[in-house]
Amino acid sequence: MIQKVRVITKIGPDLKGEGILQDVQNTLGLKNITKVQAIKVYRLEGINVNQAKILAQRLLSESINQNYTINSPIASGQAKVVEIAYKGGVMNPEIASIKKATEDLGIKVLAVDTSYEYAFYGKLDKEELIKIVNKLNLYNKTVEQIIERDPQTLLITGVVGETKMVPVRSMNDNKLLEISKDKLFLDLDEMRAIKDYFIKINRDPTDLELETLAQTWSEHSGHKTFKADLIVDGKKKESFFNQVKKEAYKHGKNIVSAFSDNSGVMDFYGGYGVCGKVETHNSPSAIEPYGGAMTGSGGVFRDIAATGMGAKNIASVDIFCLAPLDLPESELPIGCLPPEYLLKKVVAGVRDYGNRIGIPTNNGSVHFHEDFRAKPSVIVGAYGIIPKKYAKKGVPKLEDLIICVGGRTGRDGIHGATFSSAVMSDQTININASAVQIGNAIEEKRMFDALLEARDAGLIRAVQDCGGGGFSSAIGEIGEELGLFVDIKNVPLKYQGLAPWEIWVSESQERMIVVIDPKKLKPLEDICKKYSVELTVLGKFDGSKKLKVYFGKELIGDIDMDFLYHGLPKKVFNIKHKKSKDRIEMKSLKTPKSEKEWVSIFKRILAHGNVASKEPIVRLYDHSVGGTNDMQSFSGKNLDGPNDSPIIRPFLNKKFGLVISHGLNPILGKIDPYWASLWAGVEALSNFVAVGGDFRNATLIENFIFPFPDDQTLRDLDRSVDAVVDFMKAFKIPVISGKDSLSSTYKSKDDKVIKIPPTVCISVMGKIDDTTKSISSDFKKIGSTIVLVGKLDETLGGSTYFDVNGILGRDLPKVDLKALPKTFDLINRGIAKGAILSCHDVSEGGVLSAIFEMCVGGNCGVKISLGIDQKPEKILFNETAGSFIVEVENEKTAKQLFKNIPYKLLGKTQSKDMLEINGNEGKLFEADMEGLKEVWKEPMRRLFS
Amino acid sequence: MKDKPRVIVLKADGTNRDEEMAYAFKIAGAEAKIVHVNDLRLGVDKLSNYKILALPGGFAYGDDIVSGKILAIELTSFLQEQMKKFIERKNTAIIGICNGFQVLVRTGLLPFRKIGEMDATLTNNDSGHFECRWIRVKANEKNASPFLKGLSSKILMYPIAHGEGKFFADSRALRQIEEKNLVAFRYVDEGGNPTQKYPDNPSGTLNAIVGITDPTGRILGMMPHPECFTRREQHPNWRRDKVKVDGLPIFENIVEFIKKT
């Protein structure tokens, strides 16, 4: 029987309950509810009441501030109670811990589950209660459920599913498409290729074989668009992928490995390499943002851990693109979640996974545009350090073992890879629920600990993570050359009842594949045991050049590696560019007339989501773990001035560091993807330069986050890839890793289509040989000179200034690739000499926002003289990437440092807490810093404090 | 090498500030080894090989149920005998930082040096969420623990990073803790006065308590992370202020104490 232990807070705040009460009273305006209690529920199967009592007292509750009951309600009789638990099969990470502790206490439980009861006090009936629960999104229907009656048992049982044959050889085109739709997500050409292959080998495929092909050939895994042949305006052009790769290798000085592993590796110092991986996790995050953000983080961490023979994660980055937080409910497409909810949940997901796994989250950004209302972009990045001798995977040898380590396999995450490659519809949330799951950071952490120890003991030949496509992709990839067989009957399962194909493609998190010499099995087992990591031998490399999958004795998959990896019909895209720019409006704005108008517009810019302080989010992330960050996200007198990039010292006793930065601008992408992509690259590189980096010591990671590839999207992609190539040429630095996500299109039932803005995110990994020579952005002195360095393109299209006025504009700021290397060099030299006291690059919000942020850090004001009266907004709100605000001792220093490049003396810092802005003929406006800080801090504080 | 005290930095599934802790002890003159608790369970290593037990930060066993609970149960049940013997030796020291502090109060070792009997707890921050920031603390000059030697004269700065850092005990226990001068550190404001004000006191902890010792002064638990402030550049404002490395002296004090006894 099941013993049910309930625990409540006796003394001190019940934060969960009080939080809900606040939402009920403030958000829903229901004053009839006077109190909400959160009650933790533990169900323990296979023990008696006395044993439950021991556990309640010693393990499950603490008498100092809590009360418990066994098998009886704990809320008073008047309360209306609703219980919310994970759905069966969704992993509840607490269970394993509770089982372990009960055993330590000498009590063996058969099964455990936990949940929460919420007790509502006041006048309401059950129906109203359910309404409240739904309105507040108290639970996510994808992974959680309301418990209506007590379960009889917690043991999930099931019979092994069958392997079915699929008669593709006899199917016509319609039938082929029918079995592909909503399941395989392959097009007709691809389905025909599969049919032809099985006709050739004279049998029908199993469901597992079809799934394997669908996973391997998905856009997510196969990058079909990026590898397609191109004909652009009638002329042949290399595939997007090859264009980038070819240019990258022309600048290969710092490349250790690029485009060939789970992350790109750059040469670092002292015999080490650093590696980086950035990818999107949009589809899962759109329907279950908390779990989506968690598994997104977990996925990139595994990419780092599965680089070469295994790298150590040292930093993580999170970037979100969402609809504006004040999006009216009526604008929200059916089946989509509101942006405020999304933001809170993705932040919570990143927080809970990153903090628990102990990898510092020390960079990120949030970008708002209404076209993200149907599908948000959640971009996650991770960085690692690896001895160069382990930076490349070893080649598997005959008889090498294929081993699975880490978490157990369940039904979760099935069809993640194929699903993420598909257009999202208002049915998505119902059909693809199984593509989402909750991560378990502790499982991943101990697996990483074990793998790093195994690597250093020389046990590992190669390591591969189970990401999109699960075992089917991970195992297939490493065996492409030799061929192999595996038996998946041995795979440890979370619960019985999975069909073999489900085991094979499940995307259950926290699992990796390790290849070892059979002689090294025992020492690997010992290490895994020490770290409480499960290990299973699945199979061997056998030289067959086939992927053979057994379930026990039964052979249920037998595909030629050659067909699997080279049988995918190559796509050809015909891209025709249009000349006109007629899709863009041509509007302009009048210069603000009064001081009041100036201050008001500047406050609106500071309060814009793209500019507002993200400090309340940063404080939720553990960015200090490791003690490795020599440039905190915020510094200055009150520790609230934002910096440009973190600088990570991977070794506490060595001075060299890794600078991590990124740039992207979806709003500019709406206007012109080419210039928007360049802007992104220059912004990322400027962040590196602004802290003291030499741009030659940078490598790049590219991410293309685009709608589903239709004609327009392909045109935009073509221009964006041109931009990335031109960017590499201009600075002579390579892209070493990249990923495309071409699925951010939403289609409603009535065929209404919403596409995200074409977005290119460029990330920079920069190395710096002495972190003590780097600088921060906070103004250091009073009376020092403020200089604008670099050339502004005096246009405001796509600027925050335009956005807060509701217009997009047509002419966006174009970066000057020819002039920039020199600007970067002079900034770099000024910092190295110690002549530059502080530096901040100009980006969203423009020149004045950058100055404002430096004042926040310096706890001071400024007196600025623009020297012009015509259209001063073209300077103040200008967002040209690659320009900098620099603080130097005096004007003479500025002249010496920057005489050969465009620069402009702007004014001086002052102790008076005011921004004073003058044109040529006197004051334009002044504003007190306290008031400005308030509007700049309020938007995120409201959500996260 | 011979007179370097041996430190066991005890790690469990989910522990994550073990490397910084080991590094801090190393530069303070000790010999530190990171040991997984499973190695103690399996008999591969034992506490009696060490003089200093360091429990680092992180999320041992995911902080499931409440923070530090599962590891505390493990130390007071499966590993109870080893723990008892370790604290019975007069020449040993224990430090628990953040999650390690949470573990120590749940073993009962803090505040009153009992095993398996809790007199205080560390519970959710009043803000209801995890908080990562640099804060000011002052050491309690009345606490005679050798680990705090020379620390009480000035305001110290450390990073904190936790969601369950509110020290809580009933009024009787709290009175005893104060009377016996077991408080080691309190959050203070810019003027150096104990504060309950957010964010100077980010958790709302009672009496601004953010670190305590046991009555012998040889067990110290604290929420802030001195192990993450052992070099100047870890401080957010090393570029603008004169920065003194506040974290290292605690480790040096512990090492010196062990060397002397």
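Analyst: Of the 945 residues in chain A, 57% are buried. The model is predicted.

User: What is the radius of gyration of chain A, and how does it stand against the globule rule?

Analyst: Chain A has 31 helices and 39 strands. Its C-alpha trace spans about 85 × 70 × 60 Å along the principal axes. For 945 residues the globule rule gives 30 Å, and chain A comes close to that, so it is as compact as a globular protein of that length. Its radius of gyration is 29 Å.

User: In chain A, what share of contacts between residues at least 6 apart in sequence join residues at least 24 apart?

Analyst: The count takes in contacts in chain A between residues at least 6 apart in sequence. Those that join residues at least 24 apart make up 82%.

User: Which element of chain A gives the most residues to the side that touches chain B?

Analyst: The contact takes 48 residues from chain A and 50 residues from chain B. Elements giving two or more residues on the chain A side include helix 1 (15-27), helix 2 (49-60) and strand 24 (634-635) of chain A. By class, that side has 18 nonpolar, 16 polar and 14 charged residues. With 6 residues, the element that gives the most is helix 3 of chain A.

User: Helix 13 and helix 16 of chain A also give residues to that side. At what angle do their axes cross?

Analyst: Two packed helices are described by the distance between their axes and the angle between them. Helix 13 (residues 339-357) and helix 16 (residues 441-456) of chain A have axes that come within 8 Å. The crossing is right-handed. The angle is roughly 30°.

User: How many charged residues does the contact of helix 13 with helix 16 of chain A have?

Analyst: Helix 13 of chain A brings A:Tyr353, A:Arg356 and A:Ile357. Helix 16 of chain A meets them with A:Ala441, A:Ile442, A:Glu444 and A:Lys445. By class, the contact has 4 nonpolar residues and no polar ones. The number of charged residues is 3.

User: Now chain B. Is B:Ile177 buried or exposed?

Analyst: B:Ile177 is found in helix 6 (residues 171-179) of chain B. Beyond four places away in sequence, B:Ile177 touches B:Pro111, B:Ala169, B:Leu182, B:Val183 and B:Ile212. A residue with 20 or more C-beta neighbours within 10 Å is buried. B:Ile177 has 24 inside 10 Å, so it counts as buried.

User: How far apart in space are B:Ile177 and B:Ala28?

Analyst: In sequence, B:Ile177 and B:Ala28 are 149 residues apart. In space, C-alpha to C-alpha, they are apart by 29 Å.

Technical notes. Residues numbered from 1 in each chain as written. Chains lettered and ligands numbered in written order. Predicted model: local features only at pLDDT ≥ 70, side-chain atom pairs only at ≥ 80, totals over all residues. Helix = DSSP H or I, 4+ residues; strand = E, 2+ residues; numbered from the N terminus. Buried ≥ 20, exposed ≤ 12 C-beta atoms within 10 Å, placed from the backbone. Contact = placed C-beta atoms within 7 Å. Axes fitted to C-alpha atoms, helices over the stretch in contact; angles between N-to-C directions. Left-handed = near helix turned anticlockwise from the far one by under 90°. Nonpolar A, V, L, I, M, F, W, Y, C, P; charged D, E, K, R; others polar. Rg over C-alpha atoms; globule rule 2.2 N^0.38 Å.
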